[in-house]
Structures are given as structure tokens and as C-alpha cells.
Amino acid sequence: MIGGLFIYNHKGEVLISRVYRDDIGSQAADSAVFSSSGPFLGERLGGSVRNAVDAFRVNVIHARQQVRSPVTNIARTSFFHVKRSNIWLAAVTKQNVNAAMVFEFLYKMCDVMAAYFGKISEENIKNNFVLIYELLDEILDFGYPQNSETGALKTFITQQGIKSQHQTKEEQSQITSQVTGQIGWRREGIKYRRNELFLDVLESVNLLMSPQGQVLSAHVSGRVVMKSYLSGMPECKFGMNDKIVIEKQGKGTADETSKSGKQSIAIDDCTFHQCVRLSKFDSERSISFIPPDGEFELMRYRTTKDIILPFRVIPLVREVGRTKLEVKVVIKSNFKPSLLAQKIEVRIPTPLNTSGVQVICMKGKAKYKASENAIVWKIKRMAGMKESQISAEIELLPTNDKKKWARPPISMNFEVPFAPSGLKVRYLKVFEPKLNYSDHDVIKWVRYIGRSGIYETRC
Amino acid sequence: MTDSKYFTTTKKGEIFELKAELNSDKKEKKKEAVKKVIASMTVGKDVSALFPDVVNCMQTDNLELKKLVYLYLMNYAKSQPDMAIMAVNTFVKDCEDPNPLIRALAVRTMGCIRVDKITEYLCEPLRKCLKDEDPYVRKTAAVCVAKLHDINAQLVEDQGFLDTLKDLISDSNPMVVANAVAALSEIAESHPSSNLLDLNPQSINKLLTALNECTEWGQIFILDCLANYTPKDDREAQSICERVTPRLSHANSAVVLSAVKVLMKFMEMLSKDLDYYGTLLKKLAPPLVTLLSAEPELQYVALRNINLIVQKRPEILKHEMKVFFVKYNDPIYVKLEKLDIMIRLASQANIAQVLAELKEYATEVDVDFVRKAVRAIGRCAIKVEQSAERCVSTLLDLIQTKVNYVVQEAIVVIKDIFRKYPNKYESVIATLCENLDSLDEPEARAAMIWIVGEYAERIDNADELLESFLEGFHDESTQVQLQLLTGIVKLFLKKPTETQELVQQVLSLATQDSDNPDLRDRGYIYWRLLSTDPVAAKEVVLAEKPLISEETDLIEPTLLDELICYIGTLASVYHKPPSAFVEGGRGVVHKSLPPRTASSESAESPETAPAGAPPGEQPDVIPAQGDLLGDLLNLDLGPPVSGPPLTTSSVQMGAVDLLGGGLDSLMGDEPEGIGGTNFVAPPTAAVPASLGAPIGSGLSDLFDLTSGVGTLSGSYVAPKAVWLPAMKAKGLEISGTFTRQVGSISMDLQLTNKALQVMTDFAIQFNRNSFGLAPAAPLQVHAPLSPNQTVEISLPLSTVGSVMKMEPLNNLQVAVKNNIDVFYFSTLYPLHILFVEDGKMDRQMFLATWKDIPNENEAQFQIRDCPLNAEAVSSKLQSSNIFTVAKRNVEGQDMLYQSLKLTNGIWVLAELRIQPGNPSCMLSLKCRAPEVSQHVYQAYETILKN
């Protein structure tokens, strides 16, 4: 299991160090002597663990080369790391641990810290180091991850810290049963005057298109994020236009589905928040759960069939001699004319030896950004079934560099008010038998946002 | 208030000041001081001198302060064991605290204080906590047992904690169960022999129930534990799989991967014929693809695992090539892994797409990635023969870019392509030679020299080229030097007249001026060879080289099976068994996949049971036949492998007798009549004159037995081809062909021992295949095969084995075992061995069937260069059991309507249009199973052209 967890700043100084197992500092790490141990590490104390700490700094943080792997083995000690802005989180082990679990844990650790004190920065970590130690003590025991739901943690690890005296016995046992219980993500006795829930269907549409307009790969990865302000322990059931469900129901009431004219979609795969009863989904394909309070990600899904590609990019690059490039890019919007796409940005890469660029565009603003080696064309809004064009002349410096310019793909960013996968929320039913509010009393909001993921056209 | 200020103090008298603050009366000040101490500790300052002062702060009801002190204790107790005892009382007291959070905190911390003396004080509180009324305390105590075991294993056993821990597996709280499972699994790892976890169907059931209820982490512990269990039969395996599959939809990737591990392992036990097996395969693909949309670090872990899964079960992801296409801003480690998987999934069907992608990647920025992409193009060429030409032209395009490292990498892979397809792409050598000057890496230089030496006779200025390398001989790396030496010797042997001086020069450089023993040795060997016997030298140096295979980069099967058991863990990321990177005895238990054990009512047994074999032997035989892995584990190939009732054909019986009865007796000129005469049974159809059988000689020439058999029948027999080169099978070379005579099929094998030791104990098995081919008798090699000896064997085949559709359809995977090892190879059998004798259809029937089969099932082929007339074609085909039903002459063209039937009852109808004077004829095939058409056409072609 995880032997220790360290947090470093960008200089490689240790901000947090928590050792769970002795083995990570054994002789093997000692033998890998790193002469350049940091200036403040002269002391002999805990020398072996220090060596593991240093090994990571020297071999990964200060490595000259770009990181080649998120898992590094130095002197039979394995280091897993993730980076958040310029903070490094490293988990260390000498055993054959479950690698996927270690990374999932590191991400979770980041989420928990973010939920407690916001952005993960050196400043924030130093300001909250006592809290972080307290959390690390709670969510990782002897290297085994324990309950790490912020909802539950916040009931007994608080920044005030001095709660223990004021807790009644009932409160205490309520905490422990929640932390260890089956519904570890929600506490009992939540009350709202207004029961309300928000569903956001957030999709990111990914595309890789050949210069000739052939779709090389396209998929939508979507998330359903739910924000719930519901009293009690509400039982929820979520329904969408999943092809398998619709077809199953369709057998009974064929005309109903055709009447409503709703298209169903084929979902390649989906994963759920741990509150969803997976065995029920597996057997009946129904999504039922008791939601955590506040915001959480209910499900993630992926579709590859019948994707609505909101934009089509048509590139035309022509090399005129050795010192000039002519680029013309047309974008076409492909959705209902009544809808508006926003925050459209087209990024056309330019060669490294570009000396000057002239741009003309029909709509929006376009600028050559030398520091980014790209022409950036921005359009605030664009309705469906429209078309716009940019043309640019790129002057090049003559070089004797033999290496050809790699022609990175043209990428696009946008936001559209629909789900490119075609997913529709059919219902979200709420039942709370113990309290006297019914499904009708709950105010529900649904919103669809489609964003560009990696939306690239090769040129 | 911010805490960051604690990090900043660096004054000299700091420790002294802290000491004063720690002993202050004010609670706030005390707490501040402890925080400062912890901050100093974190950045690596030695604050152990403050031990007594900090421990004094322990007696507090402030939970936050308590936790800080505990943290300090955990860090320093080991260096101050005597002082640590001071803390014991407080711990013991805290373990009785009414607040469960404090009880748990105390027991958790005590376990982390790794001081022997403390452990004895820990036992009592721990025992109480393991039975605490509060689940939070119990789950903490469960982990504490593992901690204590790590410090003092004997103590844990003596105190009976292991039994208490086992009881916790039946706890009502899922988290307690999960932690108990984790603790037990860890303890069990250090006692590989003890049956600590004692997994049985009842406890497994408990675990599966807890699986639905516990936290994501707990699910991982339980799944990892389940993976160590071996179900008693396939039914149990299936029922566990059914209950694990819902986990594939969990948002936590580690849960998904651990579930995949359980499924991959238990699938091993399921029969491939089961519907459920197919369902499971289908269910595995989407979650694996979904893992690729996780964060990059997890993607990396997932990709390393997918790499294993793809090697073990390529069918799972074979249609998912596109998701492994590299994205422009993937981190480099993700890119490199994706590339690896792309090559593994490359096949004839998707090669065009893959090549287009690879070409794109070869223009990227990252040097490693570009190199790997170029290398991948070469590997595709070697893997998918049909694409070789396209790959070579892509590589040539890349060479034209003149980017130095691209050119070098391309030359290295082109060398490999030459080794796979000799004498095919030499036209590109000229282009390669143009780039000679730009090569500065040893591997590329060595590759280029190899090419020049190998094809010296076709390169006019080969001597000049090699000479140019010779100038800086001593500055070259060893591999270039060795290659240059061999290259020049090759050149000399090919063009002796002009290159004498050159060879002298290189030999003296290698033998006299070099201090590398390898180089000197090779130099001397060449020198002596050349000076004593140039003909022998030629035979040695210019000997035909074995072709390289596409599987050089595959993980060795036993290691692969072991790694499958470690899916999700570090071992699967490193692709190394844990023993390679874990110290000591921990986690080094060798794991292996479970063998397939069918439950008693296994559906497949009745029809495949050996006719006369005792029923007890069934389980041994059947699974082994079903899959290659089974073979590995069930090597006892003693009993006859498959048992069609051997009554269908007397000839087959004869063959069995002949081989079984011992060739020795036959050699002794004793006419063991029965077998022999059976062989001479008259061929069913008119035999063309050329195939007139050497009937009389059937027995006289024993070693010609197999070929004799071949000529007896009308069916065309292809010449023997090498199926398993000696290189790949530790010296055993197998070549062979298939024959069909008078209703029975046999596989004619020629086994040659090219090793230095005697081979014995031969046995053979087939993997399931499209037409259920299976050996009808065991492989009998009459005597041990001594080195350099060759033996010919005719193995009778039946078509009643189990069926699985193969790709291509006529692919046959064979495992051959001898005393040395088990070897696997696959071969394609010609379809016409499956054409049965009663394949002639009635005319009316033919007409009706032809109309009945939908037109989209019709396939048309052109047979070129077949200058035979209708009569000759008809009789030639008839001898291979393709029967002419009717003949017509339409507008000067001869139309032959023919029918044939396959062993599995599939009818194929054909219309053959022959134009007199035109060497090509048109073949239209209609069949209800259109996928066989292609192969039938190939059979037509082989029969007609030979």
C-alpha cells in the first residue's frame, strides 16, 4: 500500500510529508545517495525517509527532461505523482500496490483539499498544513484509503477544530455511522424550505478531421452534474433517452415514443457516482440513487454514434515559394438557425519562422499571436447554418533548417446551448416517503451545454 | 489567521524558545508552539529534542492539539523509544474515551508507533476496539492488526487477533468488512502457505454482498481479494463474474480495473462456447475505452494494462483502433503507449488508417515519439504482409524529408523488412545509399552496412561504400565494427576478385588492432574459414537466414499470464513480475491463471468425448483441446485427443494401425498387409493418368509413406511447407501439408530434430477451429528423434472437434509438445481437403438452390492463366470432389455448373465460364455462408494450377 505521501512546491521543497510505512526509507533508498540534497536537509534525522524525498526531487522535479512517466521507479521505490498548477503530489511505495487506486486517491486528495480551502497553491497549503495533516490521517490509514467524501469529512474535521467538547453522544455516533455507513455521502436530517434541484448536461465534443473533411474520430464525453437542495433522504430516479431503455419500453407503447418524436441515443459506456446502485443499473438499466447534498457528478458517458458536429472547419493551406504561406479557413455552423453558439475561437498554427502575418476575416476579430505561434480568430456569437471565412498571408523567414514544419492541426473552441450527443433528460423523479413533500413540489432545472473538447482539423 | 508563518522562523535559538512556549500555561500558546514544531518537522529540521515537552501536551481535550501531538509522536517515537512509553498511559485511557472518534484516533496512532515495547501495551486496547460497538472504531482496529503484524507478527498470532479479524469479514458494516479484507490480504501475502483468507463459496458470497455497499476504496480491496480466489468450476466462475460486472460502470477507474482483473482471470475458466463468454467479452470493451477519457496519469496506467489485455485477448478491442489514435496534446507517455497498442491492433482490415496516422505522427516534434512512429511503420510491414509495400513507400517518403533521426530510424526498420521479405524491395537500396553520409547513430550505420553486405552483388559500388566506413573503424561502436567485418566478408565471398585488399584490411583491423575480444574472435573465425575452405565459408557466412517474426515484441506467455493476475497494480505498469521490484518475501507469491475446469454437466462433453476413453479422463482432455492456455496446464497428452468413432473410413484405421503398430515392423520387410492394402483402395473418381499411383511401391518405400499416400488420392496435395522453423521451437522443425484421400483427411508432417539433444514424447493438439478439425489419433513417433534425424508422419484428422470461427477462416492453431517444451504455430489449410465425396447435387436441386440463395451471396472471381478446356477442368476438379452437375455451351463459352459440399454440410454452388482460347475463366460462387467463397476460390485456383 501507499508508504508515504509528500507535497512539494515547484522548487522541490517539501511542504507536507506524511509517512505511513517504514519500508519506504529502507537501505535501498539509502544506497541511492543523492549528493545534491537540499540546503535545509543537513540534519541526520529520519535520514532514510529523507532520501526517498530527495530521490523524487532530484530525479523528477529537477529532471532536465520533460516527465516521461507519471510512475517512476528509483532504487526499488516507486513514486506516483500528479501536478496541480506548480504543486507536486507524490505517493511513495515499495510494494506492488494498485496503481490505479493510488492515482485515484491522489485526485481525490486534490478534490478534498480544494473543497476545504480552494485552489491548491503553495500559499494555501502552507496556510492549512495542520488541516492537511489531519485529513491525511483520516483518509489514509496505513496506506489504505478510507472514506474520502468531503460531505462526511466536513462533519468532523473542521477548520475550527475544537468541536469535540460540544458534541453530544448522538452527534458523535451519527458521524461515525455516516463515515462508515452505506450512504457515506449524505447525512441525515437535512432540511430545506424550498426543495430544488439543478441538472446540467455538460458535453465536450471531440473531433479529429482530415484535411479532406473525413471524420477520423469523433466522440462526445458528457457529464451530468446535479446540484440538489433536497430535504431528508430522497430517493431519486433519473431517466434519459437511452436507446436501450426506450426500446425496452417501446415494445409496450410503441406509438408513444414515435408520437413524442424523441430520438434515442446509443450510449457507448457510462460510469456513475458511487451513490448510484450499479447492480440495479446492470439488471434494469435504471439509474436510482440517494444524492449527496449540494453539487456532484451523477454520471459520465461517452457516445460515438450520430454526433451532431456543431462546426465544420475547411482549411486550405498553400505554400507559395519558400517564404510565403497562404491560408484560408472557412467555418460552417451546423445546427438550428434559432440557436446561438458562443465564445467561438479558431486557432490556426503558424510556422516557427513566421515573420509577418496579414489577416482578413469576415466576422469577429483575428490576430496573429507570435508568442503562441498561431493566428487566433475570435467570434463572439454565431447562429446556426451560417458560414464565415478568414484568409491570411504568412511571410516566412528563409531558414536552412531542414526539418519541415509539422503543421499542427487547426483547433476550435466554442460553446453551444444543446447536447451534441443528442442526450435528453426525460425525467428526474424524487421520492421522500418520510417527509411530506412530493415529486411535484420539487423545483427542477435542466440545462444543456455543449463545449468543444479537442476539436481539430488537420491541414 | 494563517499558518504559513510557522514555516518561516529560522532563528538560532529556536529550539530553546519553542521549549519555553510548549511549557507555557496558555492553551493557545501551547497549540501555536506545537504547530511550529510540526512545521519544522515537515521541512526536515530535527526537533526530536523537544520530545518530552511535546508529549506533555498530549493530555488535552482539544482534539486538534491531540492530533498534532500524535503526529509528532509517530515521527519521533522510534528514535526515542524510552520516552515513547510515557505516552502509553494516555493512549490506553483514550481507547476508553466515550467519544468513538477519540477511541479510533488512539488505536490508529498507537499502531503507527513502531516501538516494540509499546506493542505489548497495545494488545488489550486493540482487542477491545476490535469488538467495539461503533463501526468506525472497528474499521480502524482492523487496519491496526495489519500494522501490529508488520511490527511483530508472532505477537499477532499468539494473541489470536487473526481469528478476530476473520470474524470481521462477517461484520454488518461494509467498511469494516473492506478493511478487514485489506488487512487479511496483506498479512496473507507474507504467509503464502497459510490458508489465512480461507476463501470459500460462503465467504465469497459475503464479500460480493459487501461489494455493493462499501466505499469505492473498499470495493477495490474486495475486488483485489476476489482476484486471488480460484472458483471450483466454471459455474461458480460465471456467477461471480455476473456479480462483478456492474462494477465496470463505477466512476472510479481503479474499481473498474480491479473488476476487469477478476473478469479476465475467471474468464479463463469459462468455455468459449458459452453465450455468456461472448457477452462478457462484449461488456469488457466499453469500460476499457472509457478509461481513456480519465486524467492522463490514469490513462497511462490503463494503457499499460490494455497493452497486456490486447496481447491476452485481442478480440476484446479489435474494433476499437480509433480510440488509440494519438491526440496532439496528449502527454508524451500517453502517446508512446497508444502507439504500442495501435501496432498490436493493426490488421489487414485497418492497416490503411493506421498507416495514415503513423505517417502523421512521424512529422511531430518529440524525437522519441517520432522514432517510435517510424519504427511502428516497419512493424506494421512485418505484421501485415499485404501492407508491406505501402509501408516501404511511406518510409521512403519519410527518408525524403531528410530529417536526420527520421532517416536513421527508417533505415533501421527497412533492414528488418528486408529480413522478413528477402529479395522483394531491393529497388529502394539506391535511395538508402544516398543518405549514407547523414547516418551518425551506430544502429543506423550497422543496419546500412548489413544491407550493403547482404545485397553486395546488386550494388555496383558496394566496395566503395564499405570502404568509406572502414576509415574510422576504431572510432565506431562495437555493433558497427562487427557488422562491418561481416559485411565485408560477405562482399568478398560474392565478389572475390575486386575486394581482396579490402577484406585483408578489415581482418587485420579486427584481429590485430582491436582489443575487443568479440570482434577479434569473429575476425579470426572468418580468417581461418576463408584461408582453409572458402566453400565452407560461403556456406556459413551466406547461409540462408531465418525470417524474423512479427512477434518479437510480445510478452512471453507465462509472464503475460502472471501479469494478467496483476492488472491494475504496479506490476502491470512496469510489465514486470512483482519479484523484480519488490524487496523481500512480500508480494512475491507467483500467481497464475486458473485452469479451466468444467462443471460435471458441461455441455460440450458428449459429442467430443473420446469413443473408448474412460469417462474419468474427460476433464483432462476437453479443456486442453479448447484453448491453448489449457494446454499449458494440462500437458498430459497421453490419451487420444479426440475421438470420432473411427468407423467412417477403413483407410483411416489403416493409417492409425500403420503408425501405431510401429514403423519398425514395417521396415523389417514384413508386409503388415491390412494397412497397406487399405491404402491401395481404389480412388473413387477417375484419376488422371499423371497421378497414377505407385501402388506396388506403397509399402516398399517407407519413408515415402506420406507422399505415397498423397499421390494415391485424386485430391491435390500441396508441397510441404515449413510451419514451425527450428529457430522458434528449440530445434524442432515441422513442415507439413494436408491431404484428403478417399474420404479421410490427414495432416502429413515432417519432424526434423535440429537440436543437439534427443527429442521424445511427442504429442499434438489443435485449437478449436472453423471446421472442427482435430487429430483422430495421437501423434505417434516410433522412436526418440535423435539430432539431425527426420521423421515423416501422417496424422489422421477428423472434423468432429469443437468449432470456433477463426480469422482467416481456414486458420488452424496447433500445439506440439515434446520432452523439451510446448510449441505453438498456426497454419492455413486448403479448403479442398474438406470437400466431401458425396458433394454432387442433383440437377433440379441445383437449380432450385441456386435461385434460393440470395444474390448478395454471390461472389465472382477470375481465375487467370488456366489454359485447360472444359473437359480437363471438370475431371481435374472432380478428383478433388468438386462435381460438375451440368454443362452448357452459350455463345461459344463453356459453362460448367458445379457443386461441392464441405464436411460441415455447407453446400457451395459454382458456375465456371470458360472461353476457348482465353486463359482466364470466370468463377461465380453461391453459398449460404458467403465467407467461405473466398477460400473455395483459392481451392479452385490451387487445384487448377497444379
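Residues are numbered from 1 along each chain as its sequence is written, and chains are lettered from A in the order in which they are written. In this predicted model, local features need pLDDT of at least 70 and side-chain atom pairs count only at pLDDT 80 or more, with side-chain values using heavy atoms.

Me: How many aromatic pairs are there over all chains?
Reply: Rings of Phe, Tyr and Trp (its six-membered ring) pair if their centres lie within 6.5 Å; planes under 30 degrees apart count as stacked, over 60 as edge-to-face and the rest as tilted. One of the pairs is B:Tyr361 with B:Phe369, tilted at 40° with 5.4 Å between centres. Over all chains, the count is 33.

Me: Which class of aromatic pair do B:Tyr421 and B:Tyr425 form?
Reply: The ring centres of B:Tyr421 and B:Tyr425 lie 6.3 Å apart.

Me: Is B:Thr119 buried or exposed?
Reply: B:Thr119 belongs to helix 7 of chain B, residues 116-130 (helices are DSSP runs of H or I, at least four residues). Beyond residues up to four places away in sequence, B:Thr119 touches B:Leu148, B:Ile151 and B:Leu155 (contact means heavy atoms within 4.5 Å). Buried means under 20% relative accessible area, exposed over 50%, partly exposed in between (1.4 Å probe, protein chains only). Because its relative accessibility is 4%, B:Thr119 is buried.

Conventions:
Helices (H or I, at least four residues) and strands (E, at least two) are DSSP runs, numbered from the N terminus.
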